[in-house]
Amino acid sequence: MNQQTQGIAEQGTRPEPEATVRNFTMLLSSTPRGARLARLLAVDTLRSWGLPHERASHVIAELAANAATHGRLSGRSFRLTLYVVGTTLRIEVTDTRGDEMPMPQVPDPGAESGRGLLLVEALADRWGVTEGWFPRKTVWAELAFSPPEPASSRSGVVDD
């Protein structure tokens with residue numbers, strides 16, 4: 001046991017939630033099926049962490065779909081990574097098309113696609129693109145959330 005863990009064990013306290021860091025990462029095929037799987041795995045992970053997943057699922061779906069559609073190179077996967085630090089969820093989707101940077105566009109009103117990054121921009125608190133070692137790029141989005149309420153120690157009792 002390291003000193004920090006030992007000190008916590010001796011004091012009988014737990015680390016503050018703000019100090020909690022969680023992460024999840026997975027390589028997925030650059031296909032529509034891989035994009036759907038990215039969203040499903042992320043939602044399942046966020047639920048298991050007790051975190052809200054509604055906004056995140058839409059952001060992940062868009063970023064993963066973009067990676068599978070625009071970031072696709074034959075035989076190459078994309079990587080989904082989730083980081084939670086304190087009350088911020090960071091979503092990262094890395095693909096192997098560093099030569100094509102995403103740019104939000106205003107599509108024609110009748111267009112059936114082209115609104116994904118506008119949705120990401122609307123749902124995320126921050127988002128951007130980081131160039132990696134060629135030929136990679138990472139599109140990321142950060143979402144702030146309220147910490148989960150601690151479970152009540154009282155079972156079903158309602159105050160009057």
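Colleague: Which element gives the most to the lining of the largest pocket?

Modeller: Rolling a probe the size of a water molecule over the atoms shows where empty space is left. In this predicted model, α3 gives the most to the lining of the largest pocket, contributing 4 residues, and the volume of that pocket is about 500 Å³. The lining comprises 21 residues, of which Asn 66, His 70, Pro 102, Met 103 and Leu 117 are the closest to the centre, while the elements that give two or more residues are α3, β3, α4 (116-123) and β5.

Colleague: How many nonpolar, polar and charged residues does the lining of the largest pocket have?

Modeller: Sorted by class, the lining of the largest pocket has 9 nonpolar, 7 polar and 5 charged residues.

Colleague: Turning to the sheet, what is the order of its strands?

Modeller: Strands of a sheet pair through backbone hydrogen bonds, either parallel or antiparallel. Here the sheet is open and has 5 strands in the order β1-β2-β3-β5-β4, with antiparallel pairing; its edge strands, β1 (21-29) and β4 (126-131), each pair on one side only. On average, neighbouring strands of this sheet are turned by 15° against each other, direction ignored.

Colleague: Which residues of β3 have bridge partners that I could look up?

Modeller: Strand β2 (residues 77-85) pairs with strand β3 (residues 88-95) in the antiparallel sense over 7 bridges, and among the residue pairs are Leu 80 opposite Val 93 and Arg 79 with Thr 94. The two strands form a hairpin with 2 residues between them, where Gly 86 in the turn has a positive phi of about 65°. The pairing of β3 with β5 is also antiparallel, over 8 bridges, and there Glu 92 has Trp 140 of β5 as its bridge partner.

Colleague: Is β3 mostly covered or mostly exposed, and which helices lie across it?

Modeller: β3 is mostly covered, since 7 of its 8 residues are buried. Helix α2 (residues 32-48) lies across β1, β2 and β3, running at about 160° to β1, whereas helix α3 (residues 54-69) lies across β2, β3 and β5 (137-144), running at about 10° to β3.

Colleague: Why does Thr 45 count as buried?

Modeller: The cut-off for buried is under 20% relative accessible area, and Thr 45 counts as buried because its relative accessibility is 10%. Thr 45 lies in helix α2 and, not counting residues up to four places away in sequence, touches Phe 24 and Leu 82.

Technical notes: Residues are numbered from 1 along each chain as its sequence is written. This is a predicted model: local features need pLDDT of at least 70, side-chain atom pairs count only at pLDDT 80 or more; totals for chains, interfaces and linings use all residues. Side-chain values use heavy atoms; hydrogens and water are left out. Two strands pair if DSSP finds at least two bridges between them. Axes are lines fitted to C-alpha atoms, for helices over the stretch in contact, and angles run from 0 to 180 degrees between N-to-C directions. Contact means heavy atoms within 4.5 Å. Buried means under 20% relative accessible area, exposed over 50%, partly exposed in between (1.4 Å probe, protein chains only). On a 1 Å grid over the protein atoms alone, a cavity is a set of points where a 1.4 Å probe fits but cannot get out, and a pocket is an open set with protein on both sides within 12 Å along at least five of seven lines; lining residues have an atom within 4 Å of a point. Grid points are joined across faces, edges and corners, and a volume is the space filled by probe spheres set on the points. Ala, Val, Leu, Ile, Met, Phe, Trp, Tyr, Cys and Pro count as nonpolar, Asp, Glu, Lys and Arg as charged, and the others, Gly among them, as polar.
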